[in-house]
Amino acid sequence: MHETDMTKALIMTVRDWWDSQPEQPKVEKIHLIVGQFTCVEPASLQFAFEVQTRNTFLEQVELVIQETPLIAFCHTCRTEYQPQLGLQYNCPQCQSAMEDIRSGRELKIDRIEYAKIAS
């Protein structure tokens, strides 16, 4: 379950950003983009995030995950197609091997929603 390590890296990244702010804001939501070809299970990522943020500055923060599909491009027949994960990766028209992935490998923080704490 590599989601645990990914969640640790996510928390460290957000922590670095949070610490760099002049006044630490209240984080409300973290939006992630997760490609289907990353082998990251969103439900496992949600669970790991919930467990690892207990009693931290991210407790009760909502993790919003947007999945992006695996999209490939075949240079032989110049076709964009959506491979079937675990079943069919070759181009469905000419059977060329998948060589150009256009989306589906993303794993990044899209944005953080936060509120400034009134002083």
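**View 1. The sheet S2-S1-S6.** This open sheet of 3 strands runs in the order S2-S1-S6 with mixed pairing. The model is a predicted one, in which local features need pLDDT of at least 70, side-chain atom pairs count only at pLDDT 80 or more, and totals for chains, interfaces and linings use all residues. Residues are numbered from 1 along each chain as its sequence is written, and side-chain values use heavy atoms, with hydrogens and water left out. Strands (E, at least two residues) and helices (H or I, at least four) are DSSP runs, numbered from the N terminus. Two strands count as paired if DSSP finds at least two bridges between them. S2 and strand S6 (107-115) are the edge strands, each pairing on one side only. From one strand to the next the twist averages 20°; the axes behind such angles are lines fitted to C-alpha atoms, for helices over the stretch in contact, and angles run from 0 to 180 degrees between N-to-C directions.

**View 2. The pairing of S1 with S6.** Strands of a sheet pair through backbone hydrogen bonds, either parallel or antiparallel. Strand S1 (residues 26-35) and S6 pair in the antiparallel sense, over 8 bridges. Ile30 has Ile112 of S6 as its bridge partner. Lys108 also belongs to strand S6. Lys108 is partly exposed, because its relative accessibility is 45% and the class between buried (under 20% relative accessible area) and exposed (over 50%) is called partly exposed, for a 1.4 Å probe and protein chains only. The C-alpha atom of Lys108 is 8.9 Å from that of Leu10, although 98 residues separate the two along the chain.

**View 3. The sheet S4-S3-S5.** A further open sheet of 3 strands has the order S4-S3-S5, and its pairing is antiparallel. Strand S4 (79-81) and strand S5 (100-103) are at the edges with a single partner strand each, so one side of each has no neighbour in the sheet. On average, neighbouring strands here are turned by 30° against each other, direction ignored. Strand S3 (residues 71-74) pairs with S4 in the antiparallel sense over 3 bridges. Within this pairing, Ala72 stands opposite Tyr81 of S4.

**View 4. Cysteines.** A disulfide is taken as a pair of cysteine sulfur atoms within 2.5 Å, and the count by this rule is 0. Cys74 is in no disulfide: its nearest cysteine sulfur, that of Cys94, lies 3.4 Å away. Cys74 is classed as buried because its relative accessible area is 4%. Cys39, in contrast, counts as exposed, because its relative accessibility is 60%.

**View 5. The largest pocket.** Rolling a probe the size of a water molecule over the atoms shows where empty space is left. The largest pocket holds about 150 Å³ of space. On a 1 Å grid over the protein atoms alone, a pocket is an open set of points with protein on both sides within 12 Å along at least five of seven lines, whereas a cavity is a set where a 1.4 Å probe fits but cannot get out; lining residues have an atom within 4 Å of a point. Grid points are joined across faces, edges and corners, and the volume is the space filled by probe spheres set on them. The lining includes Gln46, Phe49, Glu50, Arg54, Leu58, Gln60 and Val61. Helix H2 (42-52) and strand S2 (62-68) are the elements that give two or more residues to this lining; H2 gives the most, with 3 residues. By class, the lining has 4 nonpolar, 3 polar and 4 charged residues. Here Ala, Val, Leu, Ile, Met, Phe, Trp, Tyr, Cys and Pro count as nonpolar, Asp, Glu, Lys and Arg as charged, and the others, Gly among them, as polar.

**View 6. Residues of the loops.** Most residues other than glycine have a negative phi. Gln60, in the loop between H2 and S2, has a positive phi near 75°. Gln60 is exposed because its relative accessible area is 74%. Gln95 has a positive phi as well, near 70°, and lies in the loop between S4 and S5. With a relative accessible area of 44%, Gln95 is partly exposed. Its C-alpha atom is 42 Å from that of Lys29, 66 residues away along the chain. Asn90 is placed in the loop between S4 and S5 and is partly exposed, at 29% relative accessible area. Between the C-alpha atoms of Asn90 and Asp5, 85 residues apart along the chain, the separation is 31 Å.
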